[in-house]
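Hello,

Here is the structure I promised to pass on to you.

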Amino acid sequence: MPKVKTIRLPEDLARAIVHRARLENVDESTAIRQLITIGVKEYAVKLYREGKMSLTEAANLANVTVREMIDLLLDRGVR
């Protein structure tokens with residue numbers, strides 16, 4: 001079941017959400033979820049790059065397959 005969270009956003013993040021929503025033609029809630037997903041994937045890449053997480057752990061955190069995680073890492077120059 002989805003969780004409901006209430007947060008306060010700085011104005012710059014609120015603008016980024018509105019921009020994404022307009023650009024992708026989605027509602028702001030969807031834009032927030034999309035941007036969080038992007039951020040989580042980047043965070044998983046960072047943790048893997050720093051040796052703080054295994055490949056499988058990073059893939060699980062990013063909610064992707066190991067193969068997709070390898071592709072993400074390669075796209076970001078991580079070998």
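Before the notes, one definition: a residue is called buried when its relative accessible area is under 20%, exposed when it is over 50%, and partly exposed in between, using a 1.4 Å probe and protein chains only. By that scale Arg-79, with 91% relative accessibility, counts as exposed.

Two words on the ground rules. This is a predicted model, in which local features need pLDDT of at least 70 and side-chain atom pairs count only at pLDDT 80 or more, while totals for chains, interfaces and linings use all residues. Residues are numbered from 1 along each chain as its sequence is written, and side-chain values use heavy atoms, with hydrogens and water left out.

**The chain as a whole**

The chain has 4 helices and 0 strands, where helices (H or I, at least four residues) and strands (E, at least two) are DSSP runs numbered from the N terminus. Along the sequence this gives the pattern α-α-α-α. The chain is more spread out than a compact globule, because its radius of gyration is 15 Å, well over the 12 Å that the globule rule gives for 79 residues. That radius is taken over C-alpha atoms, and the rule is 2.2 Å times the number of residues to the power 0.38. The C-alpha trace spans about 35 × 25 × 20 Å along its principal axes.

Of the 79 residues, 20% are buried.

The chain carries 14 positive and 11 negative charges, and their mean positions are 3 Å apart. Here Lys and Arg count as positive and Asp and Glu as negative, with His and the chain ends not counted; each charge is placed at NZ of Lys, CZ of Arg, CG of Asp or CD of Glu.

Which residues of helix H3 are buried? In this helix, which covers residues 55-62, they are Ala-58, Ala-59 and Ala-62. They sit on the same side of H3, because they cover an arc of only 100° around the axis; the arc is that of the directions from the helix axis to the C-beta atoms. As background, an α-helix has 3.6 residues a turn, so residues three or four places apart point the same way. The cover over the buried residues of H3 includes helix H2 (28-49) and helix H4 (66-75).

Ala-59 is worth a look by itself. This residue of helix H3 is buried at a relative accessible area of 1%. Beyond its neighbours within four places in sequence, Ala-59 is in contact with Val-64, Thr-65, Val-66 and Met-69. Ile-70 is 11 residues away from Ala-59 in sequence, and their C-alpha atoms are 8.5 Å apart.

In H4 the buried residues are Met-69, Leu-72 and Leu-73. They line one face of the helix, since they fall within an arc of 95° when seen down the axis of H4. H2 and H3 are among the elements that cover them.

**Loops and the chain end**

Asn-25, in the loop between helix H1 (11-24) and H2, has a positive phi of about 55° and is exposed at 69% relative accessible area. Asn-63 is found in the loop between H3 and H4, with a positive phi near 60° and a relative accessible area of 72%, which is also exposed. After H4 comes Gly-77, with a positive phi near 80°.

In the loop between H1 and H2 you will also find Val-26, which is partly exposed at 26%. Not counting residues up to four places away in sequence, Val-26 touches Arg-20, Ala-21, Ala-31 and Gln-34.

Finally, Arg-79 belongs to the segment after H4. Its C-alpha is 20 Å from that of Gly-39, a residue 40 positions away in sequence.

Best wishes

Technical notes:
Contact = heavy atoms within 4.5 Å.
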